[in-house]
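Please look through the sequence and the structure shown here before reading on. The report that follows takes up charged pairs, aromatic rings and the surface in turn.

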Amino acid sequence: MITLDLKTERGWLRKLNPIFGAGFWVKAAVGLSIRDVLCRQLGVADDYLDNRVQTLFLDGKPVDDVDRAIVPDGGVLTLSAAMPGLVGATFRKGGHLAPMRGSITCAAEDETCELDGRVKIKLFNVVARELSPGFLGMGIIISGQPECQFFEGRSTKFWNGCQAAKLDGRNIDIEQLRELSFEFEEMGLTVIEDSAEASP
Amino acid sequence: MDKILRINTGADGGPSFTIDGLGDYAGHGGRGMTSSIIAKEVPPDCHPLGADNKLVIAPGLLSGSLAAMSGRISVGCKSPLTGGIKESNAGGQPSQMLGRLGYAAIVLEGQPSDDALYKVFINKDGVKIEADNGLKMLGNYDVVDKMKAEYGEKVGCISIGQAGEMKLAGASVAFSDMEQRPTRHAGRGGSGAVMGSKGIKVIVVDDTDCPARAPKNPDAFKEANKAFVQGLRKHPVTGEGLPTYGTNVLTNVISEAGAYPTNNFQKGSFDGASNISGETQAELEIERGGKGANTHGCHRGCVIRCSGTFYDKNGRFLTKQPEYETVWAHGGNCGIDDLDAIAQIDRLDDDFGLDTIEMGAAIAVAMEGGLAEFGDADAAINLVKEVGKGSPLGRILGSGSEVTGKVFGVERVPTVKGQAMPAYDPRAVMGIGVTYATTPMGADHTAGYAIATNILKVGGDVDPLKPEGQVELSRNLQIATAAIDATGMCLFIAFAILDQEDTFQALLDIINGFTGASMTGDDVTALGKQILDMERDFNARAGFTPKDDRLPAYMKSEALPPHNITFEVADDELDKVFNW
Ligand code: SF4
């Protein structure tokens, strides 16, 4: 797997919103509860999960209880803040409109714990803004050629925000990166944002 | 607001008008006003485009005051799309302006005897109606530009585009925004066609020298308004999510839930969702820059500001930030994941005066009928242009998804009472299916918005474990929504009210401080029920029966991926929604 490490100006990460929305992979022990996976392994604070993440899906099903729902290997965890609209409200964790969903609510399943698993993470809205620095700091995996090709043909503004880059551990010029064809099956990506404000 | 302007478009020698007191309609506003007048004065069996139908435009009870969020406006008529009663709601400036001028409603009645087109000008000195055939077949943008040139930069406009003039059932009524652009529409149900049938192209409103409406109890009103605004600002949805991402923040979540109707309701999730999500849209708008790009209000006095301004690749204004329903209708529902193409279609819809939901649904049905491939943005743009041209194909599409389905032999037509469903598949979210099926308006998402059922306790607490829960919730939501629609408040206040009891109390205090009344939660419930009773009675007299309160049959037999579920709420459960 090829790796790309970027150092960028502050606030640059929101340019990756389509990636956060479509989902990226992280390595984790699985067969454990959502809380175990997110808070014990991936650095999400308990308080943040309980209060800020108001809408949460496991494999496309809304979750009400993060301590009971078990994350399987290859599972997809989607994290979002509270949503507007009637339907948005019906998906809120343990909300009183939950019965509007009918039968799609996620129930607890028996899964065996596996240390070498992978979980797909999708981050939406303010949760993407707030959790993406942590995930990208640890490193994520972008899987699939079309997904990797997100980086191809990006605007000058997009690349201008990058201050330094390493491809497979070797320094690479941002200009070279711009010309690169991202025809990779899988790419490991880390991004460290500068702590200083971006220039206007 | 103590007067009603009635314009008789069928008077000898051209339209004439009277200005009356409120009479029986005192105390009504917004949807309460439009539905009261339609229910009382319009024969339910009349033709929607005939002399007996009326178009009622009514600001909310609090419009024209300094109450935050109070500038929404209701448009009512017998709908050419559904054949039933219709209330359609919009933002824009005219609501506040009409409120300040003292008008609780404008009623267009009668039927013109010739094909002249008229403009109406309203200011503090009175009302002027003039023929202006130079406006014929102009789009809303040109109409508003002409009115600005004629009446000045500060007027507000209520207008129709070509679709309204052609009396198409998908036609909207446009309301100009703070920048005097016709971007806010009473879209649903074809109210633009009724305005077209009355021969009125535009109503120009000028509130110069008209102060804000004074509250009966200024101190209590001011205090309550302050608490209300604080409540909205501190809530994560109204204070953060909506201002940052707009309503389109729903795209990712609804698609993830498998409830995002894709390719004409064939699937419940869209592979291209993240390309057109609110998050991606916000980033695009920030990158392109421009005034009001990412966070903007649809009218003065909005503190949530869920809207924005969409500039094209070259930084030129294209349209307002397309909202969730529009992005879905012209995006995922047609398999299109290109925000620029969707914004271009939104501009065309606004200019021709079309409901974006109905148009997106009609194009998706046409795609399924073989007229274009799903995902073909250019084809979609050209199909909307056909409507503006008034070609036979365009007139079919502009008449809505049901007509389009019949013409092209498509079975999968997602309508209730002839109106296209909005952006949530009822198979995945059955509670909203109950609302789609039973609201007097035809499939409508705003008819059951999230509001404080737990605070209002309308109809008692809901037991989430019982199947009747969905019917119970839908009933409570429809009641509460009808009441909010009467105030002129934007429905997005619902979230702060849902979660924060003190914000709900602040809203009641605003109403009471303004009107001098002492309304309680129970009164709000009673008002909502009263409005729904009137609307359902009108529909019953128009020939609607419980059989019309049903989803299309295919939704009970065709499973929706990815959850592979059908709509399971039984008919007799649906028939219990209005048992109170
Ligand atoms: S929240 Fe949005 S829809 Fe509501 S009044 Fe404000 S801008 Fe308009």
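## Salt bridges within chain B

In this predicted model, Glu358(B) and Arg188(B) are joined by a salt bridge whose closest N and O atoms are 3.4 Å apart.

Arg288(B) has a relative accessible area of 22% and is partly exposed, whereas Asp340(B), at 17% relative accessibility, counts as buried.

## Between the chains and across the whole structure

Over all chains, a search of the whole structure finds 46 salt bridges. One of them is formed by Glu240(B) and Arg52(A), with the closest N and O atoms 2.7 Å apart. This pair crosses between chains, running from helix H7 (residues 236-245) of chain B, where Glu240(B) is found, to helix H3 (residues 46-52) of chain A, which holds Arg52(A). With a relative accessibility of 21%, Arg52(A) counts as partly exposed.

## Aromatic rings

The structure holds 17 aromatic pairs over all chains. In one of them, the rings of Tyr324(B) and Tyr424(B) have centres 5.6 Å apart and planes at 45°, so this pair is described as tilted. Tyr324(B) is in helix H10 (residues 324-330) of chain B and Tyr424(B) in the loop between strand S16 (419-420) and helix H16 (430-438) of chain B, so that distant parts of the chain, 100 residues apart, are linked by the pair. Tyr324(B) is buried at 1% relative accessibility, and Tyr424(B) is buried with a relative accessible area of 2%.

In chain A, one aromatic cluster is formed by Trp12(A), Phe150(A), Phe151(A), Phe158(A), Trp159(A), Phe182(A) and Phe184(A).

## A charged patch on the surface

Which residues gather in a patch of negative charge on the surface? They are Asp337(B), Asp338(B), Glu373(B), Asp376(B) and Asp378(B). Asp378(B) is part of helix H13 (residues 377-389) of chain B, and its relative accessible area of 56% makes Asp378(B) exposed.

Terms used
Residues numbered from 1 in each chain as written. Chains lettered and ligands numbered in written order. Predicted model: local features only at pLDDT ≥ 70, side-chain atom pairs only at ≥ 80, totals over all residues. Heavy atoms only, no water. Patch = residues over 30% accessible without salt bridge, like charges linked within 9 Å, V, L, I, M, F, W, Y side chains within 5 Å. Areas by Shrake-Rupley, 256 points an atom, 1.4 Å probe, with all protein chains shown as cover. Salt bridge = Lys/Arg side-chain N within 4 Å of Asp/Glu carboxyl O. Lys, Arg positive; Asp, Glu negative; His and termini not counted. Charge placed at Lys NZ, Arg CZ, Asp CG, Glu CD. Helix = DSSP H or I, 4+ residues; strand = E, 2+ residues; numbered from the N terminus. Buried < 20%, exposed > 50% of the residue type's maximum accessible area, 1.4 Å probe, protein only. Phe/Tyr/Trp six-rings, centres within 6.5 Å; stacked < 30°, edge-to-face > 60°.
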